[in-house]
Amino acid sequence: MTRQRRRLWLALALIGLPLAALSLWALVDNPRLYVTTLLNGLTLASLYFIVASGFTLVFGLMRNLNLAHGSLYLLGAYVGWMVGEHTGSWLLAVAAGFVSAALVGLALQLLVFRQMQGQDLRQTLVTIGISIVLADLMLWIWGAEIYTFDPPPWIYGSTTLPLVEKFPTYRLAVLLGAVGIGLALWSFLNRTRVGMMIRAGVDDRAMLAAAGVNVQLVFALTFAIGAGLAGLAGVVGGSALSVSPGEDTRYLLASLVVVIVGGMGSVVGAAIGALLIGLAEQFGLAYAPTYSVVFTFVIMVLTLAFKPRGILGQAA
């Protein structure tokens, strides 16, 4: 066993054993609060994963630093809300959120990122400016009101669970939906020809183009899918929580932390990162509200200290 691996196992033991002891104490002391907080953490982690899965495609895999990703989340939420209000269909709202964000993401890829490939600083500055402009435009169009979605009737209401008694059915559906999206995305990247093209294009774009593949088209479609997932998450998150100005910044930061902790370019890593961050936030709010904000940064610092590329990150 190498020295680095021994250090990693030692760190896991030093962190995991106290956490296990505290979890056991909390479960014995107030089992209902503990299980409710656990389910809320899993729900929040599911939402973070759906947003971060798109960010994983764009930033982690394609190395495009899109700091307007949170704006795509909020845009999809607003457009989905409008469609849902006019049609009364939640499924159409989800589709509208996905398509609107995907189209804006496609425009960003064609007009911005294609002209700045490999220029991280320029991408950062330009997309920060775009996110500010989009935030102001959305504030002008939709105002500062808080909007909410009504969950579809077939998952409306509550489900009886042990200890918790009743838990919103929609939140359980979000959890299952996130698992489905994760499996579909992993299969797309690792089991399909297009997914193999994407990974090959990141490693050696010139060689892939020499093989007759339209690399620009593949990357544009990938960027659109990643942006669309952010818009889809906006409708899903608006149904579970709410839609309001400022959510774009919140979910952009969450996506960055999830990808950094999980490892760039890894769907499984994004799932692990989202799980850690979501649980840390909810348990912090329930048991240590004064210091709840600190827990996320502690996780990120410890990850970077022992695994600088993230939990499942690979060398670029």
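**Notebook: helices, core and ring pairs**

I began with Ser 71, which I found in helix α3; helices (H or I, at least four residues) and strands (E, at least two) are DSSP runs, numbered from the N terminus. The model is a predicted one, in which local features need pLDDT of at least 70 and side-chain atom pairs count only at pLDDT 80 or more, while totals for chains, interfaces and linings use all residues. Residues are numbered from 1 along each chain as its sequence is written, and side-chain values use heavy atoms, with hydrogens and water left out.

**Entry 1: Ser 71**

Is Ser 71 buried or exposed? Its relative accessibility is 2%, so I recorded Ser 71 as buried. Buried means under 20% relative accessible area, exposed means over 50%, and partly exposed lies in between (1.4 Å probe, protein chains only). I then listed the contacts of Ser 71, leaving aside neighbours within four places in sequence: Ser 131, Leu 134, Met 138 and Asp 248. Contact means heavy atoms within 4.5 Å.

**Entry 2: the whole chain**

I counted 12 helices and 2 strands in the protein chain. Along the sequence, their pattern reads α-α-α-α-α-β-β-α-α-α-α-α-α-α. Of the 316 residues of the chain, 45% count as buried. For contacts with a separation of 6 or more, I noted that 75% are between residues 24 or more positions apart.

**Entry 3: the nonpolar core**

I looked up the largest nonpolar core and found 65 residues in it. Such a core is a set of buried Ala, Val, Leu, Ile, Met, Phe, Trp, Tyr and Cys residues joined through side-chain atoms within 4.5 Å. Helix α9 (residues 215–240) gives the largest share of this core, 12 residues. Among the residues with the most contacts inside the core are Tyr 48, Tyr 73 and Trp 142.

**Entry 4: aromatic pairs**

Tyr 48 and Tyr 251 form an edge-to-face pair, 5.9 Å centre to centre, with 75° between the planes. This pair links distant parts of the chain, since Tyr 48 is in helix α2 (residues 31–61) and Tyr 251 in helix α10 (residues 247–262), 203 residues apart. Tyr 73 lies in helix α3 (residues 69–87), 178 residues from Tyr 251. Both Tyr 73 and Tyr 251 are buried. Beyond its neighbours within four places in sequence, Tyr 73 is in contact with residues including Leu 47, Ala 230, Gly 234 and Tyr 251.

I also noted a cluster in which ring pairs link Tyr 78, Trp 81, Trp 142 and Tyr 147.

**Entry 5: Arg 114**

Where does Arg 114 lie? I located Arg 114 in the loop between α4 (90–111) and α5 (120–142). At 31% relative accessibility, Arg 114 counts as partly exposed. Not counting residues up to four places away in sequence, Arg 114 touches Gln 109, Gln 216 and Ala 220. The C-alpha atoms of Arg 114 and Ala 220 are separated by 8.9 Å, although the two are 106 residues apart along the chain.

Note on methods
Rings of Phe, Tyr and Trp (its six-membered ring) pair if their centres lie within 6.5 Å; planes under 30 degrees apart count as stacked, over 60 as edge-to-face and the rest as tilted.
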